[in-house]
Each structure stands twice: as C-alpha cells, then as structure tokens.
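Trainee: I have a new structure to read. Please show me how to go about it, feature by feature.

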Amino acid sequence: MNGRPLDARMFTALSATNEAILRSTSPEELYQKVCDAAVYGGDIKFTGALLPLPDGSLRIAAATSQSGPVPPTTISVDPDCERGQGPSGIAFRSGRSATCNDVFNDPKMRPWIEENRRNGIGAVAAVPILRAGTSIGVFLFCLGEAGALTSEIVALLERMVENVSFALDGFDRERQRRQAEAASQRAFNIFKALSATNEAILRSSDANEMMQKVAQAVVDGGKLLGAAIFLKAAGMPVLRLAGHSGPVADIIAQMKVSVDPDVPEGKGLGGSAFRTNQPTISNDVPGDMRIAPWRDLAIRSGLTACAALPIRDNGAPIGIMYFFYSEGYGQIEGPLIELMSRIAANVSFGLTRFEQDRARRDSEREQENLNRMYVALSATNEAIMRGQTRDELLGRVCDAAVLGGKFTSTTIALAQPGSEFLEIVASRGRNADRVLTTRFSTSAAHPQGRGLTGTAFRTRQPCIAHDFLGHDGTRHWHKLASGGGTKSGAAFPLLKGDTVVGVILFLSAEHDIFTQPMVDLLARLAENISFALANFERVEEKRRAERQISFLARHDPLTGLPNRATFNHLIEAAVKEARASCSELAVLFVDLDRFKVVNDSLGHAAGDRLLKEVGRRLRACTRPGDVVARLGGDEFVVLLKASAGDGSIAKAAGRILRAMARPVSLHGHECQVTTSIGIARFPADGLDGDELIKNADLAMYAAKQEGKNNFRFFTHQAALHSVERLSLEADLRRAVEQNQLRLHYQPKCGTMNGRLSGVEALLRWHHPTLGEQPPMKFIPLAEESGMIIPIGRWVLKTACEQNMAWQEMGFPPMSMAVNLSPRQFLDPDLLKDLDVALRLAGMRPELLQIEITESMMMQNVERAVALLEAIRSRGVRLAIDDFGTGYSSMSLMKRFPIDTIKIDRSFVRDVAVSAQDRAIATAIISMGHALGLTVVAEGVETIEQDRFLRERHCDELQGYLFSKPLPPEEMPRFLASLPRDCELAEVAAPSIVGELAEVECRGLSESAMSRCKSQ
C-alpha cells in the first residue's frame, strides 16, 4: 500500500483525471483512463464506470482493479431489487453520491459481501455521472479500508466525476461539430448529385438512359454505396429495375421489390413509400425489421442506412428511387431528405418530359403512318377500279398497303369450300416469300388456326398483336417471324354480307404500330376489299350465268351433251364436209327401252340419273371425233364421222348395246335398261341432216317392233311401215275421241260346280275403213303413245257400268275382270280412277277383279305391294294374268295380296300332247291351291284341255270352248240361253271375302258347250 495519505493520493488521481480528459477522444476512452487514474493514482482497489442497460441493470463500461481482471457482478437500478439497493443504484436514482464505509456491516451491501471479502474491499462510494441534471451512469470507487471515505475524499471523488461530466459535454460539442461538418459535406455531396442529376436528365436521349445516368450521378456525386430506380408495370405488383449504379450494383440487381403489402417484399421501404406516396427512411438497416427480406444482401454490402422516395406522375406514384448509405455517413434527416426528394422530383419530371416527347414522336409517327395509309387507301380504291381480275385486284391492294404502311408483308387469304385451311391468293412485301411458306387455318383445332388470321376469321373482328413474338396465339410462327424481323401484326376479316370469306394480314417490323386510328383505317381498307370481292363475284356470277346460258342454248342441261339445235348444226357441217370429201357418215338414233317404266316407278330423279349414265356410256363408246347428242326425253343420237361401211357401223352399234345392257344402280335398285338403235347412212339413206335423223328414227322403231335391244339399218320398207304406224296412231286418237272403242266380255266357268264365275272385259276396235283391229296391233301403240291411260280409265268405267246395267235387266251380280296395262299400274291416279268408276256405276267393290301381270309387279316390289294392298283394302279382288311367264318367286307371291292366278294360254295350248306343259300347269295349280288362291286357265279350246284341267282341279276355265268374247248386247241372250236347271245364285255377303255370286250351270250339256264355243 502506498504510504502517502489518502487525500494526497486522491489529488494525484484528480490530476490524472484532468490529463485523461484532455487526451481522450471518446467517452469510452475517457471512462477507462479515469478508472486507471483512480486506481493507480489514488491507490483505490477498484474503479468502474457503470452505464444503464434497457433491462434496468448497470453494465461495466470501463473498469480497473488492483487485483487484476475485473470479476463479473450484477448491479441494478431497480429499487425493488436487492441488488438495486446498493450505493450504485441509489446514486443513479437520486443523482447524488452514495457511500458505504463498512461494507461488511451495512445491510445494503449484503448481495456483494463475499465478492468484497475476496477482493479486500472495506468501503464503497458511488458518484452519479450527470448530464443536464440527469444520471447517465455511475462511477463506483471501492477502497480497501473501512471508514476510509471521509467527506474530503468523497468531495474529491465528486470533483473527479464532475470533470468527467464536463468532458462528456465537450465530447458532445465536438461530436455535434463533426456531425455538422459531416452533414454539410453530405449536403454538398447531394447538391453535387442533384446538379449531376439535372445534367443527366438534360443530356439523356431517352428515359432508360436518363435513369441509368441519374443513378450513376447520385452515386458519384453523393459518395453513396448505391442508387437504384424501380418502376411499376401496369397491372403488376412487382417493380421493375429501371436503372442502378454503385459499388453494390450487382447486389441491387438481386433485389425484388413489390407494392403488395401482403408479401414480404412489399413490406419494405420501397413498398411503403409507394403506397404512402411519402419518403421512407431507415437509419439502422441491419436492425430494421422492414428490411428482413434483404437483410443478407444489406449485410454483405455494408449497408447501414437507406431512403426510398416515390417517383410520381401527376402526383401519383409510378416508381421508387433508392439511396443506399454505408457506415459513417451519419443520420438521414430533414435537409438530406429534402435534397433526395428534389432528385426524385427531377427524375419524375424527366420521365414526364420523356413520356411527352415519346407521345409527341408517336403522334407524329402515327400521323405519318396514317398519311401513308390514306395514300394506300386511295391506291387501293384505284386498284379496285382498275383491276380486271380478282388476282390482279388483290395483288395491287397488297402492293399499295406495303408501300403505304411500310409493312414487312401484306397477305390476303381466302376460305376454300370444304377445307379448314385458307388459300393465300396474294402476298407482297419483303417477307412475302416467308409468308408463302406457311399456312393459315380457320379452325382453332390446328396450330395454324390459333393466330391472328384464324381468330379474325372466327370472331369476325380485327385481331391485333402489338408484340407478335410475345403473343401466345402466334407461337406457331415465332421462329419464322423472328427471322423476318416481325414485331407486330393485325388481321381483319373479309366479309360477304354476313359471311366471312377471307382475311387480310398486315405484319410490321415495329411494335405498337397498330393504334386505334390505324386499325380504323385498315378496317376501312378491308371493307373496300370485301366490297370489291363481292363486286367481282357478282360480275363473275354474271359471266358464269352468261356462259351457262350460252352452254344451255347449245347443250342439254341434264347430260351436258349437245342438244337438238347444236346437233342439227353439227350434222349439217358434217354432211357438207363428207360431201366435199366423198366420204360416208352414219347417224345412230338411240332410244331407251321401257324408260317410262323406270321414270314412273322409281321417280324422275332416278330417271335423270339413268339419262346421265346413258350419256356417259355413249361418250365412252364413241371415238373422239364422233358426236353424241341428246334430242330430248330418252332419245339420243350418235354421229359417226368417216364411217367405213356397214360392218364398222354395226360394230359401233354393238358396242353401244353391250354398254347399255350393263346394270345400273338407281336409288338402291339394280336396273337393266336396254336400247333400240336405228341407223341411217349418208349418202345412201339421206342427203341432209333432217332426212338422216328422220330415217334413223324410223329404223329405231323397226328395231323396237322386232323385240327391242337391237339395232336396225334404215330401209324403205321400214319407212313405209312407220308411215302406216303414224297413220294408225292418228286413227286411234280419233277412235278414242269418237267412241269407236268397244268392250267384249268373255265368260269364265267353274269346274267343280259348273257355275258361271264371271266375265273378263276385253278391248276391241273396229276401224271405220280397215275393219276389226287385233288388240296386239293397237294396244302396244296406245301404251307407247300414252293413250292407254285415258283408254284404261274408259274401260274401267264402262265395264262397271255395264255390269250394273245387266243387274238392272234382272240378271244377278257377277264378277267383272278388267286388265290393267303397265302404264296404268304406274299411274298415280289409279286409285282415284278405281274409286270414281265404282262410285259412278254404283257397283260393289267385290264384284270388280283387277288383272295385272307378273312383270308389272316385279318392276318395284315395294311399291307394287303397297299399291295392291291399297286396292285390296277397298274390297276389289286381284288376279295375276299370264302367270308363269314372269319372274316371280314363291317368297314374293306370299307378299302380294292376290286372290287369283290365271295360267297363261301358252301352257294350256299343248297340255294334251306336251308332258312339259302338263307338268307346268299341274305345278301352277298345286302352288295356287297351296297359297289358298283361285286358279283360272286361259285359252281352253278343246275337250282334252278341259278334261285335263278338271282332273287337276283347276278352279275356273276360260276360252272358246265355252264362249268367245261377246259384245254387251249379246250377253243377255247368252245368259238367257242357259238350261233352265242353271240357277242364278245370289251374291255372297260382303263379309265373306273371296265369295262372289255365280250363275249356276249344273249339268251343262255338250250341246250347250258347243253353243258357247260357236258363239
């Protein structure tokens, strides 16, 4: 222990403290030197500078101990805490010195008694460090001897601490001076940055350049760690980095900044500044919770302070400007914030100016583009007026649009019937060749249909892509467009009325060129093209109509073959040429056999199809130099030029016959239609076209009369026969008009009961000059000429009326059989004629029996079944005449609602001598009975025939053995001449189907038989 008195030692410590005050540069250094001076100069055991912590404890900020390292201890300023009741806590709270001269006997020192014993401490003094009357800490002095703290010693210690307080005030003044100098320097630097920023704004050519230069100027002029400008994109919460600079530029580039308060990146300074539209400051970046998402970046960059200021447009925030400060730059406060706000405001002004300049340039460019497009529109209108063809028009339009709009290409594509892809009909511009290598579709099912053209076609609205390579729908063409420099595009529909007929596509090397005024102008151009296309189509339709009219004037509209007028011209030219060259030619008149049957049974559509097929086959059968024409109806002619004699002509006719004989499918029915051909030769059979056609026609009728499906050369005999035929046809027409036709009636007799079962009405014609005409001569003529329809209607009406007339004479009702011709069977008015005949005559339907042939039913089985059922439903009975000569089968016979079959006379004639005819007749009778049908034999003329048929149980017999056909006036005498034992049976009730009243002729004598036969 130092031998000097304590007060002397304390003066030494006071002197050392003053020296420490003069030499210290910081509070921390001062605290430590004062502790050293007190311990080493004043011979005090322990001295410590204690400063408060937020938790209410005092930490040892500086300490010196004679015994070496300062042991840890706990001291509080809380009066309620035991360790806060010691001298240090009391001095801190009271602001006055607190002492303890005997630490072992003072209860307040109990918490530290063991520490004091170990360290040899007997007395303690705590002196508060006061600043403006407020305790900011405590100096703790620990002495070795109890009772050593005299009032003089405590006063010296207080003077020592007062000097420390004075020194701290000096430190504050020095710090404030330095801060003022630093603030002045910072302001100077920011002023430099502000000046450099203004210069950058003035010298930049665009906004991007300006923002980069501003960031660089702020960093260079303001000596900052970094600066950055972020701008907000429309509709996006994330801000886009627009310019940045500084030593930490690479770290700034990694920042993600948002204005969304619900995400961490939006809770920072930038997001807050954007939302509040006010500056947001952080002077302690590492400890600021708002900086959490970027804390690692901030620590790595040495960032200590940061400011985020809004960039505005018309007062509304559009972005953020960041200022990044490193350690030692000082606090970001009022004047500095004001200067940074001015920089941000200048950036806002610069952006506004550049936006205005851009808008002005865009307006000027747009006006220039519009002016060019007006020129293009004018050129398009000129092209529409001058274009002679559609392709020429569309090419001119594309040229005008490319020149006026400076488009890289203009393309017109039109819809194709039955195709989902458009046809490119015109394309112009530097990229036209590229466009021609691709395809456009109208369907979104294809990648080529999801772009501008397909969308415009489907929506009927313009489709615009301001960023072609960024447009998802144009993805299919991105590679092609990138190579051609395409940046934007627009497609417009081309309309015909309400129908989209195509698309016009404009592609440009500039972004955002398709402004609304430009779109409106291009839409007008598209409308003009649509009008021109429609006009061209109308003109083309007119031309097509004129060509069609011209074609139809010279050709048959159905087959496309030359018509009669054209053929007359061609044959006259051929005759003239043949006469000049002394060569021969031939005319083949080709007529279809039984065409009317096909037309009436299957319909006119089937008939038209058959005529087309005939025309096609005729063309296929002839040589290239020959002529095939249709004169009308089912009449065709073939002109064989330079014919080489009858042999070659016959071969040509044979080829035609074979070609026509091949089956043809008509509406699901396989039909076989034959032809009859008449041939006339030049010069042998005629010297001009009219004569050749007439004589070929006469030869054709000769072929028909000889069995059809054949050809005949013209002969003079055929001409005479034709004249006779024409004369007979004229006479037949007069016969119909003058009532020269009559009906005769041939009785039918039952074999089992001997009753007269009915009569059959047979047509007769007594020619006024030629006498009685056989039915086989005039009935086919009536069939071919169509007169059979009115004749058949007259027969049906007359037969019914005659039957009722006999009843009125007192004879019982009898069955009346009437034959139908093939043309009658196909007549759509047949059922009506039946109903009218029965109604006018007043005859019961079951008294009428309609006779048809097998061939009539087989033409169209379904129609025949339906018609026969309609007849049968009226109560009229049905019979198949000439059975066995057709092609019916058992399966089909079951379908027909018939009552009777009549064995054809060809099988009856030789039954007495021909085993084959006997077998056929027997089979027919058996089949008819098996089907429940009445079987009638026609043409029975001998006793042998009668005997055979009766033995086979044929139901009814008809023929000259019993009676010839009788005129109506002789039938009453015939009926009256029957033996008296022949009773007249009553007509069966209508409910008994198939039973008819018959005249009972039991025991008909041989004399009566002979009488019938002779009549």
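What follows is a short tour by question and reply.

Mentor: Keep one thing in mind from the start. This is a predicted model.

Trainee: Let us begin with helices. At what angle do helix α23 and helix α25 pack, and how far apart are their axes?

Mentor: Two packed helices are described by the angle between their axes and the distance between the axes. Here α23 covers residues 788-808 and α25 covers residues 830-841. Their angle is about 25 degrees, and the axes lie 9 Å apart. That makes α23 roughly parallel to α25.

Trainee: Is the crossing of α23 and α25 left-handed or right-handed?

Mentor: The crossing of these two helices is right-handed.

Trainee: Which residues make the contact?

Mentor: From α23 come Arg793, Leu796, Lys797, Cys800, Glu801 and Met804. From α25 come Asp833, Leu834, Ala837, Leu838, Leu840 and Ala841.

Trainee: Why look at the spacing of such residues in a helix?

Mentor: An α-helix has 3.6 residues a turn, so residues three or four places apart point the same way. Now look at the list for α23: Arg793, Leu796 and Cys800 are among its contact residues.

Trainee: How do the residues of the contact of α23 with α25 divide?

Mentor: There are 8 nonpolar and 4 charged residues, and no polar ones.

Trainee: Let me try another pair. At what angle do α18 and helix α19 pack?

Mentor: The angle between α18 and α19 is about 145 degrees, with the axes 10 Å apart. Helix α19 spans residues 645-661. The crossing of α18 and α19 is right-handed. On the α18 side, Val614, Arg617, Leu618 and Cys621 make the contact. On the α19 side, Arg655, Ile656, Ala659 and Met660 do. The contact of α18 with α19 has 6 nonpolar, no polar and 2 charged residues.

Trainee: Is helix α17 mostly covered or mostly open?

Mentor: Helix α17, residues 595-602, is mostly covered. Of its 8 residues, 6 are buried. They are Phe595, Val597, Val598, Asn599, Ser601 and Leu602.

Trainee: What do the buried residues of α17 pack against?

Mentor: Their partners are β17, α18, β20, β21, α24 and α27.

Trainee: Which residues other than glycine take a positive phi?

Mentor: Asn709 is one of them, with phi of about 50 degrees. Asn709 sits in the loop between α20 and β23. Its relative accessibility is 36%, so Asn709 counts as partly exposed. His953 is another case, with phi near 65 degrees. The loop between α31 and β32 holds His953. At 44% relative accessibility, His953 is also partly exposed.

Trainee: On to rings. How many aromatic pairs does a search of the whole structure find?

Mentor: The search finds 11. A pair of aromatic rings is described by the distance of the centres and the angle of the planes. Take Phe139 and Phe141. Their centres are 6.1 Å apart and their planes 20 degrees apart, and the pair is stacked. Phe139 is buried, at 0% relative accessibility. Phe141 is buried as well, with a relative accessible area of 0%.

Trainee: How are the rings of Phe492 and Phe506 placed?

Mentor: Their centres are 5.8 Å apart and their planes at 75 degrees, so the pair is edge-to-face. Phe492 lies in strand β15 and Phe506 in strand β16, 14 residues apart. Both Phe492 and Phe506 are buried. These two also belong to one aromatic cluster with Phe407 and Phe514.

Trainee: Last, the peptide bonds. Where is Pro683 found, and what kind of peptide bond joins Phe682 and Pro683?

Mentor: Pro683 is in the loop between β22 and α20. The bond between Phe682 and Pro683 is cis, with omega about 10 degrees.

Trainee: How far apart are the C-alpha atoms of Ile153 and Pro683?

Mentor: They are separated by 170 Å, and the two residues lie 530 residues apart along the chain. Ile153 is in helix α5, residues 151-203. With a relative accessible area of 2%, Ile153 is buried.

Definitions and conventions
Residues numbered from 1 in each chain as written. Predicted model: local features only at pLDDT ≥ 70, side-chain atom pairs only at ≥ 80, totals over all residues. Heavy atoms only, no water. Axes fitted to C-alpha atoms, helices over the stretch in contact; angles between N-to-C directions. Helix = DSSP H or I, 4+ residues; strand = E, 2+ residues; numbered from the N terminus. Parallel < 35°, antiparallel > 145°, perpendicular 65-115°, else oblique. Left-handed = near helix turned anticlockwise from the far one by under 90°. Contact = heavy atoms within 4.5 Å. Nonpolar A, V, L, I, M, F, W, Y, C, P; charged D, E, K, R; others polar. Phe/Tyr/Trp six-rings, centres within 6.5 Å; stacked < 30°, edge-to-face > 60°. Buried < 20%, exposed > 50% of the residue type's maximum accessible area, 1.4 Å probe, protein only.
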